[in-house]
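Open the model in your viewer and keep the selection panel at hand.

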Amino acid sequence: MAGAKNHDYHILPPDIWPFIGSMSAVTFTTGMVLFMHEMAMAWLVLGLGIAGLIATFFSWFGKIVNEAEAGFHSPVVQLHFRYGMILFIASEVMFFVGWFWSWFDFALFPTNLTDVIGGVWPPKAIEAVINPFDLPLLNTLILLCSGTTITWAHHSLIHGNREGLKQGLWATIVLGLVFSCIQAYEYMHAPFGFGGNTYSSAFYMATGFHGFHVIIGSIFLIVCLVRTYKGHFTPRQHFGFEAAAWYWHFVDVVWLFLFITVYVWGGWGAEVHG
């Protein structure tokens, strides 16, 4: 029969949203550059970029969800989704490797920047560092607990326990939001600001980008929770949830490295704030 499907792949029809998404991303980054240079029209360009990205997320991702619920995502398609998610997380790992690299470079070789930081680490400009065994330790425990709750939700989904799935997702989302609130409070009361020296710049870039990833992960999980209440996900087909769980575990692991290297080791021997 002409036109009959004789393969396990999902061939997509032409769609405008990938183009809109790419143009919105360019507009957003252009707006950020204009904003950083305090140029005119920065907020307008930035707003257009953000609006385009949000529209793309709702429309394009919504279509993918509808395709999954319609049964277009065969085991082969799901496998390729998993490959894509693995590669995405690998790219995120390398993103954070860059920040860790700069941190260790500054910390292990402070004499290379004697004129900038005084040849010591933390730099002389840093009068006190954040106590790692105060709020950072609390946030570490919170993220570790969130890793167990998302695993609980995943285990419940695999075994057909919808209530356990909802409860696990709710607990993980709440823990993620609490983490973000504590980190915001920590930033507001930190003994040093952003910029001015290598310590503060590397600190805020590394921990700040991690905090941004926690917010993205929380949104990811909120979408999964909404889909759960709509009856989505089955023990055999739940890639959307699985991708969110992988992403959350990645965020957990990155924080453990940040806590050990940035908070504990990076400020060792310096005066502790508070």
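A crossing is left-handed if the near helix is turned anticlockwise from the far one by less than a right angle. Keep that in mind for the crossing of α6 and α8, which is left-handed. This is a predicted model.

**Stop 1: the whole chain**

Show everything as a cartoon. The protein has eight helices and two strands. Their order along the sequence is α-α-α-α-β-α-α-α-α-β. Along the principal axes, the C-alpha atoms fill a box of roughly 75 × 45 × 30 Å.

**Stop 2: two domains**

Colour residues 14–72 as domain 1 and residues 74–263 as domain 2. Their centres, taken over C-alpha atoms, are separated by 23 Å. Domain 1 gives four residues to the contact, and domain 2 gives six residues.

**Stop 3: the annotated spans**

Next, select the ranges from the record. An unreviewed UniProt entry lists "transmembrane region" for residues 16–35, 41–62, 83–104, 169–190, 202–226 and 246–266. Pick two of these spans.

- Residues 16–35: 95% helix and 0% strand, with the end C-alpha atoms 28 Å apart.
- Residues 246–266: 95% helix and 0% strand, with 28 Å between the end C-alpha atoms.

**Stop 4: α3 and α7**

Two packed helices are described by the angle between their axes and the distance between the axes. Select helix α3, residues 75–108, and helix α7, residues 198–229. The two pack at an angle of about 160°, and their axes are 8 Å apart. Angles over 145 degrees count as roughly antiparallel, so α3 is roughly antiparallel to α7. The crossing of α3 over α7 is left-handed.

Now show side chains. On the α3 side, the contact is made by Met 85, Glu 92, Phe 95, Phe 96, Trp 99, Trp 103 and Phe 106. On the α7 side, look for Thr 198, Tyr 199, Ala 202, Phe 203, Met 205, Ala 206, Phe 209, His 210, His 213 and Phe 220. Colour this contact by class: 13 residues are nonpolar, three are polar and one is charged.

**Stop 5: α5 and α6**

Move to helix α5, residues 135–158, and its partner α6. Their axes come within 8 Å and cross at roughly 160°. α5 and α6 are therefore roughly antiparallel to each other. α5 passes α6 in a left-handed crossing. The contact of α5 with α6 has 18 nonpolar, nine polar and two charged residues.

**Stop 6: α6 and α8**

From α6, select Leu 165, Leu 169, Thr 172, Gly 176, Phe 179, Gln 183 and Glu 186. They meet Phe 241, Trp 248, Trp 255 and Tyr 263 in α8. By class, the contact of α6 with α8 has seven nonpolar, three polar and one charged residues.

How values were computed. Residues are numbered from 1 along each chain as its sequence is written. This is a predicted model: local features need pLDDT of at least 70, side-chain atom pairs count only at pLDDT 80 or more; totals for chains, interfaces and linings use all residues. Side-chain values use heavy atoms; hydrogens and water are left out. Axes are lines fitted to C-alpha atoms, for helices over the stretch in contact, and angles run from 0 to 180 degrees between N-to-C directions. Helices (H or I, at least four residues) and strands (E, at least two) are DSSP runs, numbered from the N terminus. Angles under 35 degrees count as roughly parallel, over 145 as roughly antiparallel, 65 to 115 as roughly perpendicular and the rest as oblique. Contact means heavy atoms within 4.5 Å. Ala, Val, Leu, Ile, Met, Phe, Trp, Tyr, Cys and Pro count as nonpolar, Asp, Glu, Lys and Arg as charged, and the others, Gly among them, as polar. UniProt positions are given in the numbering used here, feature names are shortened, and annotations may be inferred rather than shown by experiment. Domain bounds come from an automatic or database domain assignment.
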